[in-house]
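Here's a quick briefing for anyone meeting this structure for the first time. Have a look at the sequence and the model, then read on.

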Amino acid sequence: MRTPLVIGNWKMHGTVAEARALAGALRDGLKRPRGVEVAVCPPFTALPAVAETLAGTPIAVGGQNCHWEDTGAHTGEIAAPMLADLGCRLVLLGHSERRREMGETDEQIARKVAAALRHNLTPVLCVGETAEERRQGLTFTTVEGQLRAGLVGLEPAAVTRCVLAYEPVWAIGTGVNATPGQAAEVHGYLRGLLSEVTSKEVAQRLRILYGGSVKADNADALMAEAEIDGALVGGASLTGPGFIAIVRKAARGAASRGE
Ligand code: PGA
């Protein structure tokens, strides 16, 4: 029912030439991905080259962040219309690395979500608890707070245009992924919450991706969960074969569930 989506988050990796080569490998290796949608989020500097390489392919391009204003005196920032201008179709927002390293607040993230929607970009709202929060039994409280704050003030129709990513902070870049059961439990909780703040129909349509140490060898088990609608992949998206394997597994996972 929900087409899985697999997004590669290249973070702060790669020259323009390297990004172009990786995009070329994905273009050649994923000619007609079936039953799965694919996107990559390169560093801003590589966006034009990657967008050009992937033009006319089914692989979408996105930004890793955007500002909440459309224009203005914001040194070092990139605005949503600038991403749209380059052909981006989505933008990651509220990634835990930005929350932690740049001090991004829920309020700023909500304004970014609104900016993305204004410019027809799909906001990929990232939520997730730290190891300490999980240890203290605050996983649901944390993700609930981030979800409610990130989508605050949006009409259900606007929420339908978003994608959610559950990324436990302790699983990002650590090699320790959440177990399929742990992820599915939080995804189920988030979907229940979405149903409460919007409607059952909207909640059923919204994709909730899992992120945090997704690799080719754990993707099968994660993607077999009915509540997991794809993946947000960091490290393993930096090589063509690794990322392509994950994309194929996400497509197979959905197919085996009859979606
Ligand atoms: P990882 O990163 O796959 O390297 O753990 C995921 C992410 O931060 O989106």
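**The big picture**

The chain has twelve helices and eight strands (DSSP runs numbered from the N terminus, with at least four residues of H or I for a helix and at least two of E for a strand). Its radius of gyration is 17 Å, close to the 18 Å that the globule rule gives for 259 residues, so the chain is as compact as a globular protein of that length. That radius is taken over C-alpha atoms, and the globule rule is 2.2 Å times the number of residues to the power 0.38.

Keep in mind that this is a predicted model: local features need pLDDT of at least 70, side-chain atom pairs count only at pLDDT 80 or more, and totals for chains, interfaces and linings use all residues. Residues are numbered from 1 along each chain as its sequence is written, and side-chain values use heavy atoms, with hydrogens and water left out.

**Overall size and burial**

- Taken along the principal axes, the C-alpha atoms fill a box of roughly 45 × 45 × 35 Å.
- Buried residues make up 50% of the 259 residues in the chain (buried means under 20% relative accessible area, exposed over 50%, and partly exposed in between, using a 1.4 Å probe and protein chains only).

**Around the ligand**

- There are 13 residues around the ligand, and K11, H95, E167, G173 and S213 come nearest (a residue is near if one of its heavy atoms lies within 4 Å).
- Sorted by class, that shell holds four nonpolar, seven polar and two charged residues. Here Ala, Val, Leu, Ile, Met, Phe, Trp, Tyr, Cys and Pro count as nonpolar, Asp, Glu, Lys and Arg as charged, and the others, Gly among them, as polar.
- E167 puts a polar side-chain atom 2.7 Å from an oxygen atom of the ligand.
- S213 uses its backbone instead, with an N or O atom 2.7 Å from an oxygen atom of the ligand.
- On its own the ligand has 280 Å² of accessible area, and the protein covers 95% of that. Accessible areas come from the Shrake-Rupley method with a 1.4 Å probe; for residues, only the protein chains shown count as cover.

**Aromatic pairs**

- A search of the whole structure turns up two aromatic pairs. Rings of Phe, Tyr and Trp (its six-membered ring) pair if their centres lie within 6.5 Å; planes under 30 degrees apart count as stacked, over 60 as edge-to-face and the rest as tilted.
- F140 and Y189 have ring centres 4.2 Å apart and planes at 10°, so this pair is stacked.
- F140 sits in helix α7 (residues 139-150) and Y189 in helix α9 (residues 180-197), so the pair ties together parts that are 49 residues apart in sequence.
- F140 is partly exposed at 29% relative accessibility, and Y189 is partly exposed at 25%.
- The rings of Y166 and Y210 have centres 6.3 Å apart and planes at 55°, so this pair is tilted.
- Y166 belongs to strand β6 (residues 163-166) and Y210 to strand β7 (residues 208-211), so the pair links parts that are 44 residues apart in sequence.
- Both Y166 and Y210 are buried.

**Positive phi angles**

- K11 isn't a glycine, yet it has a positive phi of about 50°.
- You'll find K11 in the loop between β1 (5-9) and α1 (16-29), and at 19% relative accessibility K11 counts as buried.
- N120, another residue other than glycine, has a positive phi near 60°.
- N120 is in the loop between α5 (106-118) and β5 (122-127), and N120 is exposed, with a relative accessible area of 62%.

**Contacts worth a look**

- E104 lies in the loop between α4 (96-101) and α5, and E104 is buried at 8% relative accessible area.
- The side chains of E104 and K112 make a polar contact at 2.9 Å (a pair of N or O atoms within 3.5 Å; within protein, one must be able to donate a hydrogen and the other to accept it, and residues adjacent in sequence count only if both atoms are side-chain atoms).
- T142 has its place in helix α7, and its side chain reaches the backbone oxygen of L138 at 2.7 Å.
- V159, in helix α8 (residues 156-159), is 39 residues from T198 in sequence, and their C-alpha atoms are 7.8 Å apart in space.
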